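Reader: I'm new to this one. Could you walk me through how to read it?

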Amino acid sequence: MDLYSILTAILSATIIAGTPILFASLGELLTEKAGVLNLGVEGMMMIGAVAGFLVSFKTMNPWLGIIAAMLAGGCLSLVHALMSVSLRVNQVVSGLALTILGTGLSAFLGKSMIGIQAPVTFNKMSIPVLSKIPFIGPILFQNDILVYLSIILVLAFWFLIYKTKHGLRLRAVGENPAAADAMGVNVFAFRYLYVVIGGMLAGLGGAYLSLVYTSTWLENMTAGRGWIAVALVIFATWNPLRALLGAYIFGGVEASVFRLQALNILRISSFFLKMLPYILTVIVLYWATRETVRKRIGAPSALGLPYEREER
Amino acid sequence: MLSVFEKKKRILRFERKLTISPLSYLIVLVISILLALAVGAIFIRINSFNPLEVYQFMFESSFGSAYGISETVVKAIPLMLAGLGVALAFRMLLWNIGAEGQIYMGAFAATAIALYLPRLPAGIMITAMLLAGFAGGAIWSLIPGIMRARAGVNEIITTLMFNYIAILWVNYLVFGPWSDPASFNQPITPKFPVSAMLPTLPGSRIHLGIFFGLVAAIVLYLVLTHTRWGYEVRVTGESESAAKYAGINITRNIMLVMLISGGLAGLAGMAEVAGVLGRLQQNISPGYGYTAILVAILAKLNPLAVVIVSFLFSSLLVGGYAAQTIGVPAAIVSTLQGAILFFVLAGEFMARFRLRYVRRGD
């Protein structure tokens with residue numbers, strides 16, 4: 001293979017590998033914008049992966065699989081919403097519990113599915129004209145519909161957060177819930193809504209992983225992607241556009257690791273190659289934290305803090 | 001106060017307490033376990049097993065025989081040591097969820113001593129392995145600790161990422177340079193010399209690690225309740241601004257707490273290889289580090305309670321292994337664990353409320 005086709009292959013794989021992380025981190029980003037920290041992303045992705053695979057397998061319809069995955073992720077996140085918004089439980093603890101529960105449930109539900117090839121998947125759709133552009137065309141404009149959907153969601157959420165009244169309220173709920181409440185915004189409804197949307201997107205990311213990216217289901221197949229998605233929200237400084245960039249950086253590393261392993265040109269043990277995404281996450285997080293401190297852009301001020309109306 | 005029902009002069013209202021008594025917590029815990037078992041039953045049923053039979057079998061496996069009880073104690077050791085580490089860190093609101101990786105690094109460091117210095121006399125060997133195990137875990141948690149203390153980097157994500165790195169590192173060793181040439185490419189190191197094995201209780205697999213766990217629990221309890229440093233840790237956990245105001249060196253304490261927290265998990269790893277396995281191998285821990293988080297939380301971060309709760313969860317692990325032998329997915333364990341935690345969290349909230357019938361204006 002010549003360098004050109006290797007590069008095209010890696011970059012196409014980058015998009016595919018980045019998309020599950022992108023969905024999950026978009027979801028977490030919205031949840032955190034509303035002031036709720038949900039560390040259960042890994043668990044919700046796992047349950048999404050298994051639900052998507054299971055339902056696609058039974059119905060032979062990948063769309064039903066996607067819907068099931070989003071419902072499953074949404075249901076799991078509802079538990080977190082109940083815990084953190086209504087019962088004011090420590091959000092770190094509740095999120096960890098969600099990950100443990102999701103890991104267990106997914107392994108339970110998917111036991112019969114291990115090693116089976118996904119019977120249906122999403123076909124690649126070439127976008128007319130654009131897909132004919134040399135180099136860029138095959139990489140960006142010959143993907144499956146969910147890739148396009150993820151990019152549309154990035155733009156839509158960016159617009160929603162920064163350009164609409166609803167987005168302003170959302171940010172107020174995350175920054176200063178008491179003020180938002182005084183303005184007449186229903187803080188609890190906003191938080192419930194965005195925790196559930198976050199869960200649905202994490203579920204979608206999981207389903208993309210099992211239905212499209214690997215086309216199989218395996219126990220613990222998310223392999224830390226949910227946690228990487230949480231880290232990416234910090235890297236993204238809570239901006240959807242930067243989440244897109246971050247997700248593709250990770251997709252790129254994953255795709256390159258996979259290629260390097262297959263080619264075995266560097267003679268590096270595959271164990272070290274597999275460490276790269278995790279090491280990169282730590283480095284990126286360190287760098288992003290310093291940036292946010294320096295530029296004084298930080299997390300939503302009320303992130304992780306339960307809101308309680310004054311007793312009256 | 002929220003009045004839900006009003007009469008002429010007397011009203012029924014919710015009262016909220018900040019803490020709940022140990023007795024009500026115990027009741028919450030018991031009810032939570034029962035509810036979690038009910039949830040688990042649904043999933044066992046989905047897999048076409050009879051939940052009651054499965055639970056009975058699980059219970060008998062962990063408590064019904066001398067062997068079962070001994071296994072329950074053996075599995076409680078790593079949970080206890082790592083759980084103590086987690087409890088200490090959580091006390092200061094340092095979310096060290098990297099106990100799993102710290103266990104692997106402790107096991108790795110202790111193994112290095114046993115493999116490279118096999119001629120050490122028994123007493124020195126065990127001491128050196130203990131120190132190495134502690135250091136291995138401690139360094140692995142100190143790095144995220146330094147990043148957190150100096151630059152404010154979120155320790156939840158870094159400690160978790162370090163788990164994956166540590167497991168891959170141990171896999172690299174046992175598949176590669178440390179693999180036993182006599183094992184026909186199995187991912188295991190050569191067997192340790194006898195001098196590198198912890199003594200066991202005659203007739204059982206219970207090893208000296210239980211002693212480390214109990215001593216660590218008592219020492220940690222005394223340090224937290226009776227020393228100035230323990231007081232600093234508790235104050236910082238309650239209110240960081242108050243701690244700063246009181247002139248407590250938070251940066252130093254973050255690093256110190258992370259170091260000890262990881263060191264205790266490292267000891268758990270050392271105890272696994274030197275007390276149970278006698279070698280380093282793939283999958284030395286079936287998620288002890290994650291279960292330890294639950295142990296610490298359910299013990300309400302109290303070192304003495306960690307000891308008791310670790311037995312509860314090890315019996316669940318032993319029961320889970322047994323259930324696997326009759327075909328129930330191993331995931332029954334993490335499903336039950338997650339469900340127990342959720343029910344306890346919710347139950348604690350509810351136990352803080354009390355309905356009281358009081359005179360208006362009281």
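**Reading the two chains**

Author: Let's start with burial: buried residues make up 51% of the 362 residues in chain B. A residue is buried if 20 or more other C-beta atoms lie within 10 Å of its own, exposed if 12 or fewer, and partly exposed in between, with C-beta atoms placed from the backbone. Bear in mind that this is a predicted model, where local features need pLDDT of at least 70, side-chain atom pairs count only at pLDDT 80 or more, and totals for chains, interfaces and linings use all residues. Residues are numbered from 1 along each chain as its sequence is written, while chains are lettered from A and ligands numbered from 1 in the order in which they are written.

Reader: How many helices and strands does chain B have?

Author: Helices (H or I, at least four residues) and strands (E, at least two) are DSSP runs, numbered from the N terminus. Chain B has 13 helices and three strands. Its radius of gyration is 23 Å, close to the 21 Å from the globule rule for 362 residues, so chain B is as compact as a globular protein of that length. That radius is taken over C-alpha atoms, and the rule is 2.2 Å times the number of residues to the power 0.38.

Reader: Which residues of H11(B) are buried?

Author: Eleven of the eleven are buried, so H11(B) is largely enclosed by the rest of the structure. Among them are Tyr288(B), Thr291(B) and Ala296(B). For contacts, check that the C-beta atoms of two residues, placed from the backbone, lie within 7 Å. Leaving out residues up to four places away in sequence, Ala296(B) touches Gly83(B), Val86(B), Ala87(B), Phe90(B), Leu301(B) and Val306(B).

Reader: And what is a nonpolar core?

Author: Picture a set of buried Ala, Val, Leu, Ile, Met, Phe, Trp, Tyr and Cys residues joined through C-beta atoms within 7 Å. The largest one here has 216 residues, and Ala296(B) is among those touching the most other members, along with Leu81(B), Ala82(B), Met129(B) and Val306(B). Helix H9 (residues 187-213) of chain A gives this core its largest share, 17 residues.

Reader: How many residues of chain B are in contact with chain A?

Author: On the chain B side there are 37, in contact with 38 residues of chain A. H5, H6, helix H11 (288-298) and helix H13 (332-351) of chain B each supply at least two residues to that side. It divides into 27 nonpolar, ten polar and no charged residues. Here Ala, Val, Leu, Ile, Met, Phe, Trp, Tyr, Cys and Pro count as nonpolar, Asp, Glu, Lys and Arg as charged, and the others, Gly among them, as polar.

Reader: Where does H12(A) bend?

Author: A bend is the angle between axes fitted to the seven residues ending at a residue and the seven starting there. H12(A) bends by about 35° at Leu276(A), and Pro277(A), a proline, follows within four residues. Its buried residues pack against H10 and H11 of chain A, together with H5 and H6 of chain B.

Reader: What about phi?

Author: Most residues other than glycine have a negative phi. Trp238(A), not a glycine, has a positive phi of about 60°. Trp238(A) sits in the loop between H10 and H11 of chain A and is buried, with 23 other C-beta atoms within 10 Å. Ala223(A) also has a positive phi, about 45°, but counts as partly exposed, with 16 C-beta neighbours inside 10 Å.
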